[in-house]
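This report describes a protein chain, from its overall form to selected residues. Please keep the sequence and the coordinates at hand while reading.

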Amino acid sequence: MIDVIGFDLDDTLWEVGPIIIRAEAKLNKWLVDAAPALQFDVINMRELRHDILVRSPELAKQITELRRQIILTALTKSKVADAELIANQAIEIFLAARNEIDFFDGALDVLGSLATDYRLGALSNGNADIHRIGLSHLFDFAFSAEDVGKPKPDPALFIKALEHTGVDPHKMVYVGDDPALDVDAANLVGLKTVWLDHGKKPAGESKPDITIYNIKELPEAIKALKGF
């Protein structure tokens with residue numbers, strides 16, 4: 001029996017690369033207007049990342065706050081007035097754009113169909129927000145690596161989901177695109193796994209229960225897993 005289906009988000013329900021590029025472009029345009037004295041753009045701001053992580057290594061597990069600190073450092077180094085206020089506004093600009101999603105074809109239909117029979121949840125290392133995206137009516141839960149303090153492949157996200165739902169591991173399926181972070185990590189906790197293979201990453205150390213090549217194949221894969 002399967003009661004719960006957990007999803008990775010980025011590159012599982014949508015392609016994340018173009019979304020981040022677009023969000024950073026919107027952020028950069030906003031910063032040009034909000035802070036004309038800023039001596040950095042979003043590209044060369046990345047040069048600040050290393051020093052910030054040396055000073056505050058815990059930010060490696062807090063990607064939203066890390067980005068805010070990078071922006072704040074760039075503003076401070078540029079001697080921009082009200083740097084803290086502008087950094088706070090800037091991260092909101094980025095997050096709003098980062099959550100403007102172009103779903104894979106059929107993904108929303110798949111989620112809507114599955115939500116009628118299963119509890120759905122999101123478990124992600126990223127900072128996509130199901131509430132901003134408009135998926136909260138379909139998902140029973142959503143936890144990020146920032147919520148639990150440890151990114152996949154650490155088991156913390158999966159354990160959090162199991163504690164929240166109260167189900168045994170074999171009654172939960174996890175769907176993701178990354179063979180190591182999604183399939184291997186979920187397998188170690190005892191979950192059933194579905195790998196969405198985009199043909200971009202080598203297989204992991206363990207095998208998924210089922211491999212699919214298009215998100216539209218997921219409902220049939222879940223039906224097949226019910227017999228495992």
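## Overall form

What percentage of the 228 residues of the protein chain count as buried? In this predicted model, the share that counts as buried is 49% of the 228 residues. The chain is built from 10 helices and 6 strands.

For 228 residues, a compact globule would have a radius of gyration near 17 Å, and the protein chain, with 19 Å, agrees with this. Along the principal axes, the C-alpha atoms fill a box of roughly 65 × 35 × 30 Å. Among contacts with a separation of 6 or more, 60% come from residues 24 or more positions apart.

## Surface and charge

The chain carries 25 positive and 36 negative charges, whose mean positions are 2 Å apart.

## Aromatic pairs

A search of the whole structure finds 4 aromatic pairs. One of them joins tryptophan 14 and phenylalanine 103: the ring centres are 5.6 Å apart and the planes stand at 80 degrees, so the arrangement is edge-to-face. This pair links distant parts of the chain, 89 residues apart. Tryptophan 14 belongs to the loop between β1 (4–7) and α1 (16–34), whereas phenylalanine 103 belongs to the loop between α4 (83–98) and α5 (107–114). Tryptophan 14 counts as buried, with a relative accessibility of 0%; phenylalanine 103 is partly exposed at 24%.

Phenylalanine 158 and tyrosine 174 form a further pair, with ring centres 5.0 Å apart and planes at 85 degrees, so this pair is edge-to-face. Phenylalanine 158 lies in helix α8 (residues 156–165) and tyrosine 174 in strand β4 (residues 172–176), so the pair ties together parts that are 16 residues apart in sequence. Phenylalanine 158 is buried, with a relative accessible area of 0%, and tyrosine 174 also counts as buried, at 1%.

Is arginine 68 buried or exposed? Arginine 68 is located in helix α3 (residues 63–77). Its relative accessibility is 12%, so arginine 68 counts as buried, the cut-off being under 20%. Apart from neighbours within four places in sequence, arginine 68 is in contact with Glu84, Ala87, Asn88 and Ile91.

Aspartate 41 is located in the loop between α1 and α2 (49–55). Its relative accessible area of 31% makes aspartate 41 partly exposed. Aspartate 41 and leucine 31 are 10 residues apart along the chain, and their C-alpha atoms are separated by 8.2 Å.

## Backbone exceptions

Most residues other than glycine have a negative phi, and most peptide bonds are trans. The peptide bond from lysine 152 to proline 153, however, is cis, with omega near 20 degrees. Proline 153 is found in the loop between α7 (145–148) and α8.

Which loop holds lysine 79? Lysine 79 sits in the loop between α3 and α4, and aspartate 82 also lies in the loop between α3 and α4. Neither residue is a glycine, yet phi is positive in each: about 60 degrees for lysine 79 and about 55 degrees for aspartate 82. Lysine 79 is exposed, with a relative accessible area of 73%, and aspartate 82 is exposed at 56%.

Methods:
Residues are numbered from 1 along each chain as its sequence is written. This is a predicted model: local features need pLDDT of at least 70, side-chain atom pairs count only at pLDDT 80 or more; totals for chains, interfaces and linings use all residues. Side-chain values use heavy atoms; hydrogens and water are left out. Helices (H or I, at least four residues) and strands (E, at least two) are DSSP runs, numbered from the N terminus. The radius of gyration is taken over C-alpha atoms; the globule rule is 2.2 Å times the number of residues to the power 0.38. Buried means under 20% relative accessible area, exposed over 50%, partly exposed in between (1.4 Å probe, protein chains only). Contact means heavy atoms within 4.5 Å. Lys and Arg count as positive and Asp and Glu as negative; His and the chain ends are not counted. The place of a charge is taken as NZ of Lys, CZ of Arg, CG of Asp or CD of Glu. Rings of Phe, Tyr and Trp (its six-membered ring) pair if their centres lie within 6.5 Å; planes under 30 degrees apart count as stacked, over 60 as edge-to-face and the rest as tilted.
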